[in-house]
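Please look over the structure below before reading on. The paragraphs after it go through selected parts.

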Amino acid sequence: MKVTKIEVLEAELSGQDGIASWHHVFARVHTDEGVSGLGEVGMAYGTGARASGPMILALGERFVLGHNPFSTESIWERMLRKSFWAEGGGPVVFGAMSAIDAALWDIKGRVLGQPVHRLLGADTPTPLRCYASQLQFDWGKKSVNLVDATQYREAAIRAREEGYDCVKVDPLMIAGDGSRAAKLRGILTPEQRRTVRARMEAVRDGLGPDIDIILELHSFTSTAGALQVADAVADLGILFMEEPTHYNGPRAHNRAARKSPVAIAAGERLYTRWGFLPYLEAETMDMIQPDVGLVGGISEAVKIAHLAHTFDVGVQAHVCGSPLATAIALQFEAAIPNFEIHEHHTYALKACNRDLFLEDLQPKAGRFNVPTAPGLGMTLSPDAERSMVKTFVTA
Ligand code: MG
């Protein structure tokens with residue numbers, strides 16, 4: 001069995017359902033036996049997703065075409081060592097490697113008639129705990145920038161009523177006029193600190209005492225601001241504060257984490273085992289959040305999880321992509337010993353996203369059944385596929 005063709009499929013959905021920036025890049029790997037697999041790059045938001053499509057084709061042409069799709073370890077190591085740029089890092093090269101790797105695992109599962117978590121040696125678990133993520137964009141069919149504390153309270157109540165026992169919210173991201181907040185670095189103003197307090201108090205009030213809250217900062221803050229936020233909410237029973245600051249070297253993050261009265265979760269902009277190791281050694285991440293579409297794929301995410309396990313650190317995959325990204329994360333989370341909780345992003349509720357695949361992956365009462373269909377078990381909607389831009393390389 002060998003790989004005969006590698007395709008990139010792109011879906012430009014920016015502006016739909018209130019999502020500002022949303023561009024999916026999928027890899028589809030074809031074989032000479034008629035079986036194909038799908039993977040996804042974890043760059044749908046932010047700037048630069050389009051750069052990953054050509055990288056998938058370049059890596060695929062040189063290191064994957066003509067090889068056996070079961071050789072995931074050998075192919076991964078070749079991409080790492082022989083592409084020159086993967087020895088340095090970054091989302092484009094590791095995002096492309098991630099999409100290829102997931103597609104190869106999908107092929108393996110489809111050929112063997114097993115879901116990926118079974119190939120990784122795990123029982124099918126009981127449904128996974130998951131949380132309602134990014135409540136500052138509301139919890140419903142459209143993404144809306146929430147401003148008033150009462151709106152944060154109402155979004156939290158909606159998530160609670162759907163059965164979630166954990167939510168995540170960024171109390172700084174949206175400014176008083178409803179735009180994305182600017183000037184979040186450095187010391188925060190008294191008004192910003194009051195806003196954080198009011199929004200987080202409202203969320204806690206809406207949820208009651210028995211539901212967990214993750215406070216998201218998206219690396220917008222610097223160490224000083226993150227510590228002001230942590231101090232402002234320390235009595236509200238916050239489970240984790242996420243991404244207190246940037247990852248351009250561990251020093252700022254480590255200082256924030258060591259001084260914070262709230263435990264720290266982070267890692268969605270780190271790549272490979274080597275990226276996570278300095279933070280684990282510094283003991284400044286209490287939960288890691290590898291994105292399976294960015295860290296190097298399923299093969300690498302499993303290694304990162306086991307590395308964290310040796311430090312007694314739990315895992316929550318970062319998930320902000322299409323339903324395929326959800327499927328990939330669930331297979332990974334089902335297969336690791338230190339899974340904590342699954343992220344269900346508010347974007348995963350939107351029709352523009354759900355319509356991409358025939359399978360609609362949604363939790364029930366805050367718990368996610370791990371799919372048991374072969375491979376990743378996902379089927380692109382023919383309607384959605386028709387409107388995607390496709391490029392490819394063949395043997
Ligand atoms: Mg995050």
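This is a predicted model: local features need pLDDT of at least 70, side-chain atom pairs count only at pLDDT 80 or more; totals for chains, interfaces and linings use all residues.

Residues are numbered from 1 along each chain as its sequence is written, and side-chain values use heavy atoms, with hydrogens and water left out.

A nonpolar core is a set of buried Ala, Val, Leu, Ile, Met, Phe, Trp, Tyr and Cys residues joined through side-chain atoms within 4.5 Å. Buried means under 20% relative accessible area, exposed over 50% and partly exposed in between, with a 1.4 Å probe and protein chains only. The largest such core has 94 residues, and Met-200, Met-241, Ile-288, Ile-298 and Phe-332 have the most contacts inside it. Its largest share, 8 residues, comes from helix α11 (residues 323-335); helices (H or I, at least four residues) and strands (E, at least two) are DSSP runs, numbered from the N terminus. Domain 1 (3-114 + 379-394) and domain 2 (119-368) both contribute residues, so this core lies between them. The domain bounds come from an automatic or database domain assignment. Apart from this core lies another, of 32 residues, including Val-8 and Phe-63.

Next comes the metal site. Glu-216 (OE), Glu-242 (OE) and Glu-268 (OE) coordinate the magnesium ion at 2.0 to 2.2 Å. Donors are N, O and S atoms within 2.8 Å of the metal (3.2 Å for Na, K and Ca); water is not among the atoms, so sites may look incomplete. Glu-216 belongs to strand β6 (residues 212-216) and Glu-268 to the loop between β8 (264-266) and α9 (272-282), so the pair ties together parts that are 52 residues apart in sequence. Glu-216 is buried at 0% relative accessibility, and Glu-268 is buried at 5%.

In helix α5, the buried residues include Tyr-152 and Ile-157. The buried residues of α5 pack against β4 (128-133), β5 (166-169) and α6 (190-207), where contact means heavy atoms within 4.5 Å. Just after α5, Gly-163 has a positive phi of about 105 degrees.

The whole structure holds 7 aromatic pairs. Rings of Phe, Tyr and Trp (its six-membered ring) pair if their centres lie within 6.5 Å; planes under 30 degrees apart count as stacked, over 60 as edge-to-face and the rest as tilted. Phe-84 and Trp-85 have ring centres 5.0 Å apart and planes at 75 degrees, so they are edge-to-face. Phe-84 is exposed at 61% relative accessibility.
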